[in-house]
Amino acid sequence: MHSLIVNLGPRVRWRRILRRVPPIFWALMLMLLLSVPLLAVYSRAGGMSWAFISNMLERSVTLAIVAVGQTFVILVGSVDLSVAFVISLAAVLASFIMQGDPSMIAVAVPLILLGGALIGVVNGVLVTRLNVNPLIATLGTGLIIQGVLNTSFQNFAGSVPREYQQLAYGRLLGLPAPIFLLAALVALASFVLVRTRFGAHLYAVGGNKEAARLAGIRTTRVIMLAHAIAGLLAAAAGLFLVSRLGSGAPWVGPDGIYDLESIAAVVVGGALLAGGRGGVFGTLAGVLILGFIDSLFNQLGIDPYLKQVLRGAIIIAAVAVYSIRSREEVA
Amino acid sequence: MSIISTKSGTLPKRFLRLRAIEPIYFILIAIVAAMVLSNPIYLDYGPMMQLLRRSSPLMVLAVGQLFVIVSGGFDLAVGSLITFLILICALLLNGNPELAYFAIALCVLVGLMSGAVNGLIVSFWKVPSIIATLGMLLILRGGGLYMSGGSARGNLPDTFRALGRDSVFGFPVSLIVVIVFGAVAWLILHRTSFGRQLYMVGSNPRAATLSGVNVAGIRIAAFMFSGLSAAIAATLLSGFSGVSTSAGDGYELQAISAAVLGGAVLLGGRGSVFPVIAGALALHALFTLLNIWGFPKPMRDVVQGLIIICAVAYSARRK
């Protein structure tokens, strides 16, 4: 397959690469272009600029991290609704453990990432071993995390050291550090999906679970691992968010609507909710579109409550655009 | 399967009849007993009625949710719909007693409309109901806050609150509402062809379509019924709750937990009205019990999460 591509001429190869770019990317480009005149007229802060784009990218990083994790579970035909609460948990624990002490960074980060992965494994066990519908299972674990978190913490807990905030506010080669973080994550996730055996298994299980099982793939393990990755990346998103905020509170995850927005981003990026189709670049485009709309609303000075209404409508519409063609009945 | 049936065949008939009773009634009795043991005040008529009055919004909501669950979906928008209605009515009435009945009618209308929109999105746009109704939750929450300017404004006249607050001969009006609503729901669900079609849609939508059932119409009607229940729950809740931006918070998941406790099977096809009402009462009593035992309020979420997961895992195991 790959050797075939190499043997073709350079022009055909380019066309192949271009075809790999999800169509949604072109939609994003078009939206950016169209917003230039709109912002020039109505913006409160001086129209379209590099600052606008870089700001939009930075704000999208948290959502992008969760959404990449969500891509893995949606690819196997599952879903994770507990991510918003895992983000809260990670953010609160990070600032609570660190308490402004830089030496605790090395303790808190691996611990929290491991915790996120463990929650993902619990979700995976519920989905695969106990056959609980993934929407309900992860809704349930989310509720449990929320309850435990709200019982233990009522407000912002502790704070992260200034060194840790470099993760969100530092600069590298004149660019904001989070952009490099985002690029590295997308490259790694895309490598896993496209170039590794595990990636191929993900698509196979999502496409047809029974066929994958008959072909000798351990479907249970693949689904479990996908959930573990989603949990891990949700925790990572919480770790990034807390470096932006300086301190974590139990509501930072749900307030960001990361559960719904991550699902919407993945679906907008061309993935099927039933599994088997989708990819990291599509998800990234989905995240950027949502982030772009958000930045646009901010620039236009739209009321925050009205913004919430529009967000709800956009999420429904975004999922609908892709699900409307499905002939299957949904629950 | 065959082992169980031969086994139960040898059991005395009285035990078999006991098994036919929904387990929720035993759970309810156990929770109420624990409550009375922890605090004997609940044996008195007044506190007992107060408990029933406070659980009446949840009972109505759970019955509405049951219709959606039987049809195979979820309605996560009801909590924010309640908040929306209370905020809007307080803003609109601002203590004016004459318009109360108009406002209640408006609530019913908005509830039905919001349900219809949910149903349309789910059946024609094929958006999974959890996602569609979570989106609707955002829309209603944002909409309510937008119209009231971010905080609760205005107030509700006593005429509006009467359904949830007044008593007739010492018997709470809200309980009469629950009984009437429950009876109507029971008739619709168990004695009409619409009810039978609802179960068909929930257990096998494909088969229902092939046998000529208007699946989309049935689904939309189920969501509208849930919206109606939210409107009624909002007026009942206003009897004892203040006008606040968090009035209906958490009610959507409580309604689902109550329905599940009452034996409704998530993702469709099974469930019945009276056990679900008992489930709502049991959940409310359980929360009261947790309160008596000194558990902090957020522990309720943990309990609900466990109920939902365990119930679904249990019914998945039985399949």
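## Chain B as a whole

Of the 319 residues in chain B, 55% are buried. The structure is a predicted model, and the values in this report are computed from it.

Chain B contains 15 helices and two strands. Its radius of gyration is 20 Å, close to the 20 Å that the globule rule gives for 319 residues, so chain B is as compact as a globular protein of that length. Taken along the principal axes, the box filled by the C-alpha atoms of chain B is roughly 65 × 55 × 35 Å. Among contacts in chain B between residues at least 6 apart in sequence, those that join residues at least 24 apart make up 80%.

## Surface and charge of chain B

## Helix α14 of chain B

Helix α14 of chain B runs over residues 273-292 and has 20 residues. From its first C-alpha to its last it reaches 29 Å, close to the 28 Å expected at 1.5 Å a residue.

Because 17 of its 20 residues are buried, α14(B) is largely enclosed by the rest of the structure. Just after this helix, B:Gly294 adopts a positive phi of about 85 degrees.

## Two asparagines with positive phi

B:Asn94 has a positive phi of about 45 degrees, although it is not a glycine. This residue is placed in the loop between α5 (78-93) and α6 (100-124) of chain B. With a relative accessible area of 49%, B:Asn94 is partly exposed, since the cut-off for exposed is over 50%.

In chain A, A:Asn131 is also a residue other than glycine with a positive phi, here near 55 degrees. A:Asn131 is found in the loop between α6 (105-128) and α7 (134-152) of chain A.

## A buried serine in chain A

A:Ser190 is located in helix α9 of chain A, which covers residues 177-195. The relative accessibility of A:Ser190 is 14%, so this serine counts as buried, the cut-off being under 20%. When its neighbours within four places in sequence are left aside, A:Ser190 is in contact with A:Arg195, A:Val280 and A:Phe281.

Conventions
Residues numbered from 1 in each chain as written. Chains lettered and ligands numbered in written order. Predicted model: local features only at pLDDT ≥ 70, side-chain atom pairs only at ≥ 80, totals over all residues. Heavy atoms only, no water. Helix = DSSP H or I, 4+ residues; strand = E, 2+ residues; numbered from the N terminus. Expected span 1.5 Å × (residues − 1). Buried < 20%, exposed > 50% of the residue type's maximum accessible area, 1.4 Å probe, protein only. Rg over C-alpha atoms; globule rule 2.2 N^0.38 Å. Contact = heavy atoms within 4.5 Å.
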